[in-house]
Amino acid sequence: MATDIEANLIEGLKEHSPMAQQTMVERYGRHVFNQVVRLLPSVEDAEEVYQDVFLKVFLNINMYNEEKASFKTWVSRIAYNESITWLRHKRREVIYFEDQGGEAERLSETEVEATLGHPDPETVQLIRAALKHLPPEERSLITMFYYEEMSLKDIAYVTDSPSTTIASKLFRTRKKLCKIIQMIQS
Amino acid sequence: MKEDYIETLHQKDTNLRDAIRLEEEALPPMPADLNARMMQRVEEEMAKKAAKRRRSRVLWPMVAAACVAALIAVFLTPPKGTPEDGMSMGKPVAAKVEKPKTDAETPQAEALQKVSTPQEEKVAEQPKAKHPTATTAQPLLAQEAVPEKAATEEEAAVIELVAEQKAPEAPRNETATVILTERDIPITRPENYKYTPEEIALMKKQANEAYLKWVELELEISKYTLEKMAQQ
């Protein structure tokens, strides 16, 4: 449910009010930029996509349905889709870790919890290094879940996938991270 | 159940959460002028879109009006007329000419039209012109004078008839000079392909006259030779 301030903002955006647009940019700009720059390889690309995202938000504001998701989630969905579309169109060659042999899948939940759960600064650095080897979609997924603390339902709305698929992907990504850490350590 | 378990991972995976937080903090900062540039671009795009909407709003009634006008023009334009009905573009004058003709469609009027043509007038006047030549031969051959007189009387009657028929034609000829068409040329009229009874009568008379003159000439020649022989 949208708050009164958010409702007023949406009304202003529907009337194409420059003040409402400015408020919108100030309020959600940082969040959108982080989401975009997380997925894209360079800041220049992120700036281009960032502008496209807001342009799309302003032009398609009438399509927003507050019953489906919050305004922030709707904006995140547009930002995610714009970034993924950009990545697919540009076809930048980036090397990511792929669990071809299914070795990550064979890791037990105890092993994963031991690596990711017990507080250890060294492991944190290892995880940071491992995150760089994840594909952008997966990195974005765990960021939305762990950092932005979005619910599975909201993540499912942003990525346009079922909640169960998101849950499976999260499990797989955790195991993949553990596998990468093991590979780095060995 | 799996989803419920997943929801508890926030608290469990502390290392992962810290690592992601650090990664997020290490992200490049947003350029200070990015929002200004973006707002400028938004303004441009909005203006472009508004202009496009305005253009389409202004253009569509004009396009619709043009289509309607074209349709009306197509439906109201009369079909190309055939030469017979005189409605074709090239024959508006012919229609005017034919109107008085249709008013007087009686056989007499048709005969009048045929006689009124200049070529036929010449033919009609020909016996009149030849009449003096016939009269010059009168003193030479006195016995032939009586039939010739009868012939000239008949001829005069024909000429009178022609003159009578010509009289109503006179005003018509005046207008014909203005509205003359191909159909008005006598030789192109199908009704003029055959000789009229009057023309046939005229031609017979001319033939008779010519025969008589030939006989007169032969007699004169024989008379002259006889006189010459008598002198010798």
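## Chain A

Of the 186 residues in chain A, 35% are buried. The model is a predicted one. Chain A holds nine helices and zero strands, so that its pattern along the sequence reads α-α-α-α-α-α-α-α-α. Among contacts in chain A with a separation of 6 or more, 70% are between residues 24 or more positions apart.

## Two loop residues with positive phi

His16(A) is a residue other than glycine with a positive phi, near 60°. His16(A) sits in the loop that runs between α1 (4-14) and α2 (18-39) of chain A. Within 10 Å of His16(A) there are 15 other C-beta atoms. A residue counts as buried at 20 or more such atoms and as exposed at 12 or fewer, so His16(A) is partly exposed.

Asp160(A) also has a positive phi, near 60°, and is likewise a residue other than glycine. The loop in question lies between α8 (152-159) and α9 (163-185) of chain A. Asp160(A) has 10 other C-beta atoms within 10 Å and is therefore exposed, the cut-off for that class being 12 or fewer.

## Chain B

Chain B has nine helices and zero strands, and the order along its sequence is α-α-α-α-α-α-α-α-α. Buried residues come to 9% of the 232 residues of chain B. For contacts in chain B between residues at least 6 apart in sequence, 76% link residues at least 24 apart.

Helix α9 of chain B covers residues 197-231, which is 35 residues. From the first C-alpha of α9(B) to the last the span is 51 Å, close to the 51 Å expected at 1.5 Å a residue. How many of the 35 residues of α9(B) are buried? The count is one, and α9(B) is hardly covered.

## The contact between the chains

Chain A contributes 37 residues to the contact and chain B contributes 29 residues. On the side of chain B that touches chain A, at least two residues each come from α1 (2-7), α2 (9-12), α3 and α4 (34-76) of chain B. Which helix gives the largest share of this side of chain B? That helix is α3(B), with 11 residues. By class, the side of chain B that touches chain A is made up of 14 nonpolar, 11 charged and four polar residues.

## Packing of α7(A) against α3(B)

Two packed helices are described by the angle between their axes and by the distance between the axes. For helix α7 (residues 136-147) of chain A and helix α3 (residues 14-25) of chain B, the angle is about 105° and the axes are 10 Å apart. Angles of 65 to 115 degrees count as roughly perpendicular, and α7(A) and α3(B) are therefore roughly perpendicular to each other.

On the chain A side, the contact is made by Ile142(A), Thr143(A), Tyr146(A) and Tyr147(A) of α7(A). The residues from α3(B) are Leu16(B), Arg17(B), Ile20(B), Arg21(B) and Glu24(B). Sorted by class, the residues of the contact of α7(A) with α3(B) are five nonpolar, three charged and one polar.

Note on methods: Residues numbered from 1 in each chain as written. Chains lettered and ligands numbered in written order. Predicted model: local features only at pLDDT ≥ 70, side-chain atom pairs only at ≥ 80, totals over all residues. Helix = DSSP H or I, 4+ residues; strand = E, 2+ residues; numbered from the N terminus. Contact = placed C-beta atoms within 7 Å. Axes fitted to C-alpha atoms, helices over the stretch in contact; angles between N-to-C directions. Parallel < 35°, antiparallel > 145°, perpendicular 65-115°, else oblique. Nonpolar A, V, L, I, M, F, W, Y, C, P; charged D, E, K, R; others polar. Expected span 1.5 Å × (residues − 1).
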